[in-house]
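Subject: Structure for you to look at

Hi,

Here is the structure I promised to pass on. Please open it and keep it beside this email as you read.

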Amino acid sequence: MFVIAHLSDPHLGPIPEARLSELLGKRFFGMMNWIGARRRNFGAATLTPLMDDLMAHAPDHVCVTGDLVNVSLPAEFDTGAAFLTSLGPADKVTVVPGNHDAYVRSAMHYHLEHWAPFLAGDDSHPHTPVDVDAFPFVRRRGSVAIVGVSTAVPTAVFLAGGHVGRSQRARLADLLRRLGEEGLFRAVMIHHPPVGARAFHRDLRDAEAVREVIGSAGAELVMHGHDHRASLGTIASATGDIPVVGVPSASAGPDDERGAGRYNLYRVTGGPGAWRCEMETRGYAPGEAGVRARERRPILG
Ligand SMILES: [Fe+2]
Ligand SMILES: [Fe+2]
C-alpha cells in the first residue's frame, strides 16, 4: 500500500510588511481582500493541528496543490518553503503552484526558485530551479508516479483563472501514456479544477482540452485545490472513470462558509489494470473543535 496525503490552499499568513512599490495594482486589492476576509478564517490555529494530524499518519508522500501564499511577495515564498519543509524531506513532499503563487507577472519565478526541491522532477537536479517549461514534471515513488501540472499564469486584478497551455498539454499527454505503459499509478496534481462549473474569472481556461488529454492518455487520480471546497468529480476514460478530488483550504476554520479545513489520505493498492484507491477525509466540522476522520470511501476500483 502507498499512502498519499493531499492538502491545498493554506494561504499562509500573515502577509509580510511590503514596500509601497510592491503593493501597487493587483497586490493592493489582494492585500485588502486578505485583511478583510482571510484574517478571520485562515490561520495557524487551525492549520497546525491539521498538519500535526497529517504527520501522525506518516503518509508515504505529501501533495500540496497550490495557493501557499497570498499576494506573491518575496518573503511569503520563504514562509512557503518553511511550511513545505515542515511536512517532510523534499523527496517526499511535492507542490504545484496556484494562482496566488503567481499573483503578478514580476513574481512568476519566485515559486520556481524558492520551492525548487519540492517541484523538481526526477530528471532535474534537485537544487537547480526548474523553469516553466519543466512542467509537467514526474516523480516516481514506488508504484506511484506523481505528475505536477502548472496552471499558474499572472492575471489582471480581480482575475484568478489558470491555463495549462498547448505545449504543456502535449507533454502531459505523452508523459501520462508513458507512465501508463510503465504500469504506474498516475496521480496528477493541478491547482485549478479541470472539472465542474465556476465563474469565468476563476476558471481553468483550457479545462475542456485538459480533460480530453487526461481522459485519452489516462490517469488513476487527479488532485486539485482552488475552490476551497470538498468535491469529487470524474473524467471519463477508456478504462473507466478517473476520480478528480478537490479539498477545502487547509487553513480554513471549522465554520468557514466554503468548507471546514480538511485534507485527504489516499490509500493506493492493487496493480496495473486493477488499481484501487480509498479516500479518507480528515479535518474539522462546523460547530466542532478538533481534527477527526470525516469520511472514508473507495474512489477507484
Ligand atoms: Fe486558494
Ligand atoms: Fe486558487
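Below is what turned up, from the whole chain down to single residues.

Please remember that this is a predicted model.

Overall shape. The chain has 301 residues and a radius of gyration of 18 Å. Along the principal axes, the C-alpha atoms fill a box of roughly 55 × 45 × 35 Å. There are seven helices and 12 strands. Of the contacts with a separation of 6 or more, 67% join residues 24 or more positions apart.

The inside. Buried residues make up 47% of the chain. The largest nonpolar core holds 78 residues. Ala187, Val188 and Val222 touch the most other members of that core. Take Val188 and skip its neighbours within four places in sequence: its contacts include Val147, Ile214 and Val222. In soluble globular proteins, nonpolar side chains tend to be buried together.

Most residues other than glycine have a negative phi, and most peptide bonds are trans.

- His11 has a positive phi, near 40°. His11 sits in the loop between β1 and α1. It counts as buried because it has 24 C-beta neighbours inside 10 Å, and the cut-off is 20 or more.
- His228 also has a positive phi, about 60°. Its loop runs between β7 and β8. With 23 C-beta neighbours inside 10 Å, His228 is buried too.
- The Phe135 to Pro136 peptide bond is cis, with omega near -5°. Pro136 lies in the loop between α5 and β4.

Best wishes

Technical notes
Residues are numbered from 1 along each chain as its sequence is written. Chains are lettered from A and ligands numbered from 1 in the order in which they are written. This is a predicted model: local features need pLDDT of at least 70, side-chain atom pairs count only at pLDDT 80 or more; totals for chains, interfaces and linings use all residues. A nonpolar core is a set of buried Ala, Val, Leu, Ile, Met, Phe, Trp, Tyr and Cys residues joined through C-beta atoms within 7 Å. A residue is buried if 20 or more other C-beta atoms lie within 10 Å of its own, exposed if 12 or fewer, and partly exposed in between; C-beta atoms are placed from the backbone. Two residues are in contact if their C-beta atoms, placed from the backbone, lie within 7 Å. Helices (H or I, at least four residues) and strands (E, at least two) are DSSP runs, numbered from the N terminus. The radius of gyration is taken over C-alpha atoms; the globule rule is 2.2 Å times the number of residues to the power 0.38.
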